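Biologist: Can you walk me through this model? I have the sequence and the structure open.

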Amino acid sequence: MDLFLDALSLVLTPAAIASIGLGALVGLIFGSIPGLTFTVALALALPITFGMDPVPAIGLLLGTYIGGMTGGSVSAILLGIPGTPSAAATVLDGHQMTKQGQASIALGTAVIVSVFGGLFSLLVMIVSVDLVSRLAIGFGPAELFALVLFGMSTICGLCGDSLVKGLISGVLGLMIMTVGIDAIDGVPRMTFGSINLLQGVNLLVAMIGLFAVPFVIEAFARKGETDPQAQRVAKVRAELPSLKLLFGKISLILRCSALGTGIGAIPGTGGAIASFLAYDHAKRFSKKPQSFGKGNMEGVIAPEAANNAVTGGTLIPLLSLGIPGDPATAIVLAGLMIHGIQPGPALFMNNAGEVYGMYVAVALAYVWVLALQLMGIRIFVHVLKIPREMLAVAVLVLCAIGAYSIRNSAFDIYAMGAIGLLAYVLVAVRVPITPIILGMVLGPTLENEFRTAMMLSGGSLDIFLTSPTVLVFFALAAGVIGLQVVAELKLRKKIKEKIEITDA
């Protein structure tokens, strides 16, 4: 209790509170602009912390991290363009709600469940930091491969009306992922002699192209048309979800928060995997699974609760073992070490006060995020009143700047355009594009962990058959695929029966 009171006295100072609030604001802005992720914001914030005291410095970094993770949902819901990879699953139902005039409710729900997920993971981190970190560090290459393979099986739940079209989309994502220099052998793959392709196709560039370019093309294609849907969107009012609605979904929020915390505690996973797994979980256990992708509130709640719960999960191995789970926490680790705080088994003996200060800082960061987002909703929804073609021009400029800024490469702008044109064609022929993102997100981890496991076993597949954890994930993946196949066969049977009744 004394440590907690000391932590409060360290964090509840004007400098620390202002630093956390500034970090949350910067993170929200960078997270909501496609291409300018919170990892970039953290990299820019790190040098600023050099001359600061430890607590305000760490508060600034944690605020930026948490604000950025939450901010990705803003553009995902309003424009259908995820600000971060973690918000890609939120697009599916969040943007559909915007089209139905429910942008404010979608944004309000997203931020409230995001804060809940983050605080839930914080409590789990405080209570079980040692236990969860031991479980997470026990995952070797074979276990990580099986986990990611299970994640890939969720493509079946994102296929829409056709399993085949969804699998085609997923394979396209895996093919795009392989372009560039092989990470293990260092040989070029699918570069066709092009020097530019040696750098590969960046995930963020592809994501911007897949979601932003079709939006821009469609906006100019419909210029001058009267769109009743657009008029309904323009009349959207600033309103928040009711407590009755939120309490009615509390079971789903808790399940997805727990899922996100567990995924976050495993190094090398991250918010994107957690959000897609949570979305698939929500869809499978929903009473109306057919409404997902058409504006179902649960399709916003599940990924947002899970990807923000990842923030606490990733801090578990970071603090207890000194292992960052993603690039963002690697920058946070650098900030801790700069200020003389060495994460690891001895952290709680040497810097107990600072650790409890971090707990309070995370909670305060979520308070800032909640306040900024709820106040900002009234401003955010006015974006929808801008004429669609003018908004498209602004989106195109911002996306081009974002794509270029990732690697300072003009080629990335061309890659964004080419992938965007491909996405527009795929949407026109009713092929879902979300599995492409899932293939690109999970593909590198899937390949690297498989090859690492094979090298450790001397080329023997027995490494995948001797671990109970691996077998459990394999069984879950097979079960997911089997259930989807059965569901599609039943759907086809019902459609066939309806056609026969109509003909009769």
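Overview

Modeller: The protein's secondary structure comes to 21 helices and two strands; helices (H or I, at least four residues) and strands (E, at least two) are DSSP runs numbered from the N terminus. This is a predicted model, where local features need pLDDT of at least 70, side-chain atom pairs count only at pLDDT 80 or more, and totals for chains, interfaces and linings use all residues. Residues are numbered from 1 along each chain as its sequence is written, and side-chain values use heavy atoms, with hydrogens and water left out.

Biologist: What percentage of the residues is buried?

Modeller: Of the 504 residues, 53% are buried (under 20% relative accessible area; exposed is over 50%, partly exposed in between; 1.4 Å probe, protein chains only).

Biologist: Switching to rings: how many aromatic pairs are there?

Modeller: Six, in a search of the whole structure. Rings of Phe, Tyr and Trp (its six-membered ring) pair if their centres lie within 6.5 Å; planes under 30 degrees apart are stacked, over 60 edge-to-face, the rest tilted. Phe 145 and Phe 450 have ring centres 5.3 Å apart and planes at 45 degrees, so they are tilted.

Biologist: Where do those two sit in the chain?

Modeller: Phe 145 is in helix 7 (residues 141-152) and Phe 450 in helix 20 (residues 434-456), 305 residues apart.

Biologist: Is Phe 145 buried or exposed?

Modeller: Buried, at 12% relative accessible area. Phe 450 is partly exposed at 30%.

Biologist: Which residues form the aromatic cluster with Phe 145?

Modeller: Phe 450, Phe 464 and Phe 474.
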